[in-house]
Amino acid sequence: MGGNQTSVTEFLLLGFPLSPRLQVLLFGLFSLLYAFTLMGNGVILGLISLDSRLHTPMYFFLSQLATVDIAYACNTVPQMLVNLLSPAQPISFAGCMTQTFLFLTFSLTECFLLVMMSYDRHVAICLPLRYSTIMSWRVCVTLVVTSWILGIILALVDMVLLLPLPFCGPKKVNHFFCEIVAVLKLACADTHLNEVVIMAAGVLVLVGPVSAIVVSYGHILRAVLRIQSAEGRRKAFSTCSSHLCVVGLFYGTAIIMYVGPQRGDPQVQKKYLLLFHSLFNPMLNPLIYSLRNREVHAALRRRLEKGRPS
């Protein structure tokens with residue numbers, strides 16, 4: 001019996017059950033979106049590293065968000081593109097577990113990074129005279145490292161509980177990547193503890209950060225309403241609007257996925273929401289931050305002008 005339980009050495013990712021023509025069409029569309037994701041976040045990273053005027057805490061956090069978005073997309077999208085051209089492609093057991101761990105790490109790290117970014121905006125608007133003292137480079141690096149460490153630790157907790165489970169078949173994962181809940185359904189053992197830990201971690205990671213962000217923006221709103229000039233209020237709101245849009249996209253999708261009402265097949269619903277989360281969120285984040293950001297526009301203009309032949 002023990003031999004049968006450890007017989008699974010690879011999994012098959014079922015992806016999306018679509019017609020061959022539609023799969024080719026989606027392959028082209030998703031490849032384009034993936035290229036835009038890498039290019040958009042790459043441009044943001046390049047501008048921040050090359051332009052000294054963007055060497056501030058706000059853009060340091062934004063560079064970390066862009067790094068996570070690139071890693072997040074690279075972990076899930078290439079496998080999905082392969083499966084669209086060649087459905088039910090096998091992925092090794094080790095590869096599947098690695099993909100699960102990286103997905104959890106990047107997702108959790110982004111959760112905490114968004115909280116750190118809201119704290120940065122809180123200090124900038126509520127305590128402007130002390131901003132440079134409070135948000136020193138040492139503090140910024142500590143906050144980013146803490147975000148990564150918390151993300152890795154929480155992901156490791158799930159993996160420590162997942163890896164000892166026996167998998168004896170079937171080996172078909174009803175997803176476009178090795179999502180932890182979809183993989184758990186294939187285990188030949190009681191997964192109640194795993195499910196409880198995943199649910200508890202999900203609630204903790206959603207409720208805790210969202211509450212911190214709401215409190216931060218409550219203080220920010222109160223501080224902005226005290227500003228006398230309309231121009232000052234507009235400038236203060238513009239520095240926060242991009243971050244709020246990104247927070248709304250990230251946590252809105254997550255809340256619908258894990259807390260919202262389930263209609264129809266919850267597994268299919270979650271699959272499409274995770275597609276949005278994996279493909280569209282990382283692509284939209286650099287657009288959101290660049291479209292309304294004059295400093296990013298100015299930095300891009302300076303780079304382009306410097307690159308032109310005189």
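User: Why is Val246 called buried?

Analyst: Its relative accessible area is 1%, and buried means under 20% (over 50% is exposed, in between is partly exposed; 1.4 Å probe, protein chains only). So 1% puts Val246 in the buried class. Before we go on, this is a predicted model, in which local features need pLDDT of at least 70 and side-chain atom pairs count only at pLDDT 80 or more, while totals for chains, interfaces and linings use all residues. Residues are numbered from 1 along each chain as its sequence is written, and side-chain values use heavy atoms, with hydrogens and water left out.

User: Where does Val246 lie, and which residues does Val246 touch?

Analyst: Val246 lies in helix α9, residues 230-258; helices here are DSSP runs (H or I, at least four residues; strands are E, at least two), numbered from the N terminus. Setting aside residues up to four places away in sequence, Val246 touches Leu65, Leu114, Asn285, Ile288 and Tyr289. A contact means heavy atoms within 4.5 Å. As for Pro286, 40 residues along the chain from Val246, the two C-alpha atoms are separated by 9.5 Å.

User: What makes Tyr59 count as buried?

Analyst: Tyr59 has 1% relative accessibility, so it falls in the buried class. You'll find Tyr59 in helix α3. Beyond its neighbours within four places in sequence, it is in contact with Ile48, Leu54, Asn293, Glu295 and Val296. Val157 is 98 residues from Tyr59 along the chain, and their C-alpha atoms are separated by 31 Å.

User: And why does Pro209 count as buried?

Analyst: Pro209 is at 6% relative accessibility, so it counts as buried too. Pro209 sits in helix α8, and its contacts, not counting residues up to four places away in sequence, are Cys111, Phe112, Val115, Leu204 and Tyr251. Take Phe112: it is 97 residues from Pro209 in sequence, yet the C-alpha to C-alpha distance is 6.8 Å.

User: How do you know that Leu33 is buried?

Analyst: Leu33 has a relative accessible area of 10%, so it passes as buried. It belongs to helix α2, residues 20-50. Apart from neighbours within four places in sequence, Leu33 is in contact with Leu279, Phe280 and Met283. Ala189 is 156 residues from Leu33 in sequence and 39 Å from it in space, C-alpha to C-alpha.

User: Why are α3 and α4 called roughly antiparallel?

Analyst: Helix α3 (residues 57-85) and helix α4 (residues 93-126) pack at an angle of about 160 degrees, with their axes 10 Å apart. Angles under 35 degrees count as roughly parallel, over 145 as roughly antiparallel, 65 to 115 as roughly perpendicular and the rest as oblique. That is why α3 and α4 are roughly antiparallel to each other. By residue class, their contact has 15 nonpolar, 7 polar and 4 charged. Nonpolar covers Ala, Val, Leu, Ile, Met, Phe, Trp, Tyr, Cys and Pro, charged covers Asp, Glu, Lys and Arg, and the others, Gly among them, are polar.

User: What makes α3 roughly parallel to α6?

Analyst: The axes of α3 and helix α6 (residues 137-162) come within 10 Å and cross at roughly 20 degrees. Therefore α3 is roughly parallel to α6. On the α3 side, the contact is made by Pro57, Phe60, Phe61, Gln64 and Val68, and on the α6 side by Trp137, Cys140, Val141, Leu143, Val144 and Trp148. These residues divide into 10 nonpolar, 1 polar and no charged.

User: Which residue classes does the contact of α4 with α6 have?

Analyst: There are 19 nonpolar, 5 polar and 1 charged residues in the contact of α4 with α6. The axes of α4 and α6 come within 8 Å, crossing at roughly 145 degrees.

Terms used
Axes fitted to C-alpha atoms, helices over the stretch in contact; angles between N-to-C directions.
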